[in-house]
Protein chains: 2
Amino acid sequence: MNSPEEVVDFIYNGHQRFLPHLSIDCVIFGYHDQQLKILLIRYHDQEHWSLPGGYVERQEGLTAAAHRILSEKTQLTNLYLQQFYTFGDSPTRLNRIEIQDNHNKVYAKANVAIDEEHWLSKRTLSVGYYALVDYHEVSVTPEFLVVDYAWVDVNAVPSLQYDHNEIIDKALLTLRSQLYQQSVGYNLLPEKFTLSEIQALYEAILGKPFDRRNFRKKMVALGVIRQLDERRKIGPHRSPYLYDFNLENASKLQEAGGVIF
Amino acid sequence: MNSPEEVVDFIYNGHQRFLPHLSIDCVIFGYHDQQLKILLIRYHDQEHWSLPGGYVERQEGLTAAAHRILSEKTQLTNLYLQQFYTFGDSPTRLNRIEIQDNHNKVYAKANVAIDEEHWLSKRTLSVGYYALVDYHEVSVTPEFLVVDYAWVDVNAVPSLQYDHNEIIDKALLTLRSQLYQQSVGYNLLPEKFTLSEIQALYEAILGKPFDRRNFRKKMVALGVIRQLDERRKIGPHRSPYLYDFNLENASKLQEAGGVIF
DNA sequence: GCAAAAGTGTTGCAGCTACACCCATGG
DNA sequence: CCATGGGTGTAGCTGCAACACTTTTGC
């Protein structure tokens, strides 16, 4: 929604296009500067930041909706996207007055107001998806109601709107637990990378350091990555080997994963 | 809904009480006769069986709704209940005609019909919860529209309505992957049990046999169970020791679980 | 005494952790 | 030649899998 007209249309006609009472919230992970970051946005006249999100069209699959919303926000398609939980317990989700109030502050920018019977004033459940994106390829779409966006370190997330902090916590837990089953890094790193790079990524995600030698052995033994016959020049140091992801093996890991015995 | 009057009231006034477009489906696992079973129900004039489910009240938390629905169906409270996925992709969920048609067959028993604008004819997303219940304590409530119910072995689930087979598959995967983190067995076994009993349960859930000695070592080492200073008489055989669950340890396992490194 | 179930211990292997020294490169 | 980062191997430990014989009990 890039213009006041589109916002007004959304307010008055959105209920025909979208399902009420249900939204999708996206935890978009990007990796930059040795840090795992999350994309946050801030709506007009709102003190707290939010997760990017959207609504599901009436005849649209849930997964399709998540992909659409994400590509609307980041201009990226074909992302790694994973549903992790559906949130419907937080008291802030049930507080009509607060919800209506917040919406009205935001929509004031387009000179519209909603009353308590409006579909956007109602209680909303939210399906959480997390995405892994290449930080450098993201170009956040400037939306009319979004006055600011920022990539924040996962360890320094401010207090967010509604239950969005809880959503991020759960997303991180899920991401961590799936790190070795899915080829998570595939979407956060360039096609070819050095061992140090992927190790730094894993350290950022899991929040702890690893031993270089053991890390290499584990990743190669699991078949997650493959060493290439190629090195990269990196200034006044020895040239490190490049690696890439072994995607065939990843799908096998995925099938076997989860069940321990 | 135990009477035609309640059904009629639900049809005509349910939209005031419940959120539209959203349901909860429950995969209720019970354990009996060395088999892991699932509770299925069959609605009036429906060929296929279904999972028990229900709707979320407008001001009710999602988890609270799941508990309410489950206790309405089984008369049990305080169950182990776990959300595992939200389903909104299956084409059968988007096929209005089929949905309306099926509903009308069912509701014909109460002599009511719904048109395509009725809230129950609309596309519905479903939040999946799985529950673990003590098979013996369940007394399935006879509902007016439910003409039959059955406990079926997880390995012999018939073809179900909509995407309910997919829901069960995902529930089983989740249950299996959480087996050693959560004290899953706690809800499927009596308070005290023999090693053979819990081993048979784990074999039923994971679908493969284990070695008695290794199984005991693992369960005790993980701190999931504790051997008691008590035996049980079991006819013409040696009296086995009893065990119970070590719930304190379970919560620790849960925190550590998931993240591998 | 016999049939059925339960109790129990050891060995080998695989995979993880901990750990330190040398090499390559550019300035 | 030096500072920085990269490459590499081994030893010990833990945890898991494989495996068989003896004990208890009621009939």
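Between chain B and chain A, 14 residue pairs are in polar contact, both residues at pLDDT 80 or more. A polar contact is a pair of N or O atoms within 3.5 Å; within protein, one must be able to donate a hydrogen and the other to accept it, and residues adjacent in sequence count only if both atoms are side-chain atoms. The model is predicted: local features need pLDDT of at least 70, side-chain atom pairs count only at pLDDT 80 or more, and totals for chains, interfaces and linings use all residues. Residues are numbered from 1 along each chain as its sequence is written, chains are lettered from A in the order in which they are written, and side-chain values use heavy atoms, without hydrogens and water.

Buried area is the accessible area (1.4 Å probe) lost by two parts on being put together, summed over both. The side of chain B that touches chain A has 17 nonpolar, 10 polar and 9 charged residues.

Within chain A, domain 1 spans 4-177 and domain 2 spans 185-256; such bounds come from an automatic or database domain assignment. Their centres, taken over C-alpha atoms, lie 32 Å apart. Domain 1 of chain A gives 13 residues to the contact and domain 2 of chain A gives 9, with contact meaning heavy atoms within 4.5 Å. The two domains of chain A bury about 940 Å² between them.

Methods
Nonpolar A, V, L, I, M, F, W, Y, C, P; charged D, E, K, R; others polar.
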